[in-house]
Amino acid sequence: MKTPYEQGVTGSLESIARGVRLGELDPVELAERAMDQAQRVSGLGAVVHIDVDGARQAAQAVAGTRTGPLAGVPLLVKEIIEVRGLPHRCGSRVFADRVGTSDAAVVRQAREAGAVIIGLSHSHEFAYGCTGTSNRIGPCRNPHDPSRMAGGSSAGSAAAVAAGVVPLALGSDTAGSVRIPAALCGVVGAKPARGTLPLDGVFPLSPSLDHVGVLTASVADARLATEVLGGVDLSTWSLPGAPTLGILANPEPLDCSTTVGDAYSASIDRLVAAGASIVEITLPEWPEMTATALDLQGPEANRVHAESMAGHAEDYQSDVLERLRAGAEISARRYERARHRAAELAATVDQLLRTVDAIVLPTVPIVAPPLEATDVGEAGQRLPVREVLLRNTRPANLTGHPALSLPVPAASRLPVGLQLIAAENAQAFAVAEWVEQVINDERGALT
């Protein structure tokens, strides 16, 4: 008997679109299957709005043309990304009645490519959280264990892909909001380099750090989606053989739970056995990169919400309101110093990344925590859960470099993610595809 997660839309983006273009797959049936699956797993809270009529009309239009690189591919859009005619609440009671008046640029690209938008996916309120627990409708739950977090802020996008609702979902990533839920839910999350996917029509959190990303079942799917939605060619760089991978000497990113640490070490061993060369890399001090990112994010987020907070403070989720208010405490001088230092750090990291094909590190230092968790760790050494979830992902937003998370085998029923960061988009995707192939070959040998 099929599990609920095996009844949705399956297959790669390329195979689905090719089947639709050749008349072998019916885009209307694909949309109906995706919407049925969304209803079937509605208890996860991953999908906050299903656009039944709009999806059917869009699918029928695709059936008439059967064109486009994403022809007939069912798509979910994170609810902070504007879609014409659909609610644009950003997960908040503050925008309870807001409706999109136009499509965000990335949504227009998706429509033009033939994708069929079936609805909106759950976001931590205003994308200002990494747990996926604060939203006007409640938390998003992890498909592998609904008592645990899906991660955030692109919680619904990751959970929906993991639960078989759609093969492609759009997300945003300001400090790890695509990669964290991808790691916790066991899917691929890709944050291309800053500016690759357009931000027009995406409700801002921190304009200096915001990125648009994609969540899929494979690196190949993430590559295709990024090429199509960003209008970029990712075939401009290829591996001549096995890659040279940077392993961080910085202690903070490798301070992981036993489950994550063991999965990371085993993955590195597999990559080395497949021919990868390993080079130790020391990035700028982790605490400084984190502090610099926070000094940018806080004031920018506060400015975005200043007017709304003045009149609707009671409508914000408490954790989000607390962080927004904290942003006002960062002085203008400190903010400007952070802007200057961010440019210096980005240049330093760029130079280091050009000495290897990519660096690899755990995406998140722990597996998905319980929904109610506020801190994690051993007795006497507990840390805020938000701090731990974000520890390894902030730097790539600060520097703007491409970063992907892909699932790796773990001695746990809960997923573990491996993060790759590279100097350029094409390089990042090429190395990620090589790593994924090695990991998949290993999985096949064990089954």
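The model is predicted, so local features need pLDDT of at least 70 and side-chain atom pairs count only at pLDDT 80 or more, while totals for chains, interfaces and linings use all residues. Residues are numbered from 1 along each chain as its sequence is written, and side-chain values use heavy atoms, with hydrogens and water left out.

The overall fold comes first. The chain contains 14 helices and 15 strands. Helices (H or I, at least four residues) and strands (E, at least two) are DSSP runs, numbered from the N terminus. The radius of gyration of the chain is 20 Å. A compact globule of 447 residues would have a value near 22 Å, so the two agree. The radius is taken over C-alpha atoms, and the globule rule is 2.2 Å times the number of residues to the power 0.38. Along the principal axes, the C-alpha atoms fill a box of roughly 60 × 55 × 40 Å.

Of the 447 residues, 59% count as buried. Buried means under 20% relative accessible area, exposed means over 50%, and partly exposed lies in between (1.4 Å probe, protein chains only). The accessible surface of the chain comes to about 16,800 Å². Carbon and sulfur atoms supply 49% of that surface. These areas come from the Shrake-Rupley method with a 1.4 Å probe; for residues, only the protein chains shown count as cover.

Contacts were also computed, a contact being heavy atoms within 4.5 Å. Among contacts with a separation of 6 or more, 77% join residues 24 or more positions apart.

Charges were examined next. The chain has 37 positive and 50 negative charges, and their mean positions are 3 Å apart. Lys and Arg count as positive and Asp and Glu as negative; His and the chain ends are not counted. Each charge is placed at NZ of Lys, CZ of Arg, CG of Asp or CD of Glu.

Side chains of opposite charge can pair when their charged atoms come close. The structure holds 16 salt bridges. Each is a side-chain nitrogen of Lys or Arg within 4 Å of a carboxyl oxygen of Asp or Glu. One of them links Arg323 to Asp319, with the closest N and O atoms 3.0 Å apart. Both residues lie in helix H10 (residues 318-327). They are four residues apart there, about one turn of the helix. Arg323 and Asp319 are both buried. Elsewhere, salt bridges that share partners join Asp145, Arg148 and Arg413 into one network. Asp145 is buried, at 12% relative accessible area. Another salt bridge pairs Arg179 with Asp173 at 2.9 Å, N to O. Arg179 and Asp173 are buried too.

Backbone geometry was checked as well. Most residues other than glycine have a negative phi, and most peptide bonds are trans. The peptide bond from Gly152 to Ser153 is cis, with omega near 10 degrees. Ser153 lies in the loop between strand E5 (145-149) and helix H5 (155-162). Its relative accessible area is 0%, so Ser153 is buried. Beyond its neighbours within four places in sequence, Ser153 contacts residues including Lys78, His122, Cys130 and Ser177.

Two non-glycine residues show a positive phi. Arg66 has a phi near 50 degrees. Arg66 sits in the loop between helix H3 (52-65) and strand E2 (74-78). With a relative accessible area of 24%, Arg66 is partly exposed. Phe126 has a phi of about 55 degrees. Phe126 belongs to the loop between strand E3 (116-121) and strand E4 (141-142). At 1% relative accessibility, Phe126 is buried.

Two further positions lie in helices. Pro181 is in helix H6 (residues 179-185). Pro181 is buried, at 0% relative accessibility. Leaving out residues up to four places away in sequence, Pro181 touches several residues, among them Ala150, Gly152, Ser154 and Gly176. The C-alpha atoms of Pro181 and Gly327 are separated by 24 Å, and the two residues are 146 residues apart along the chain. Val272 is in helix H8 (residues 258-273). Val272 is partly exposed, with a relative accessible area of 39%. Its C-alpha atom is 28 Å from that of Ala346, which is 74 residues away along the chain.
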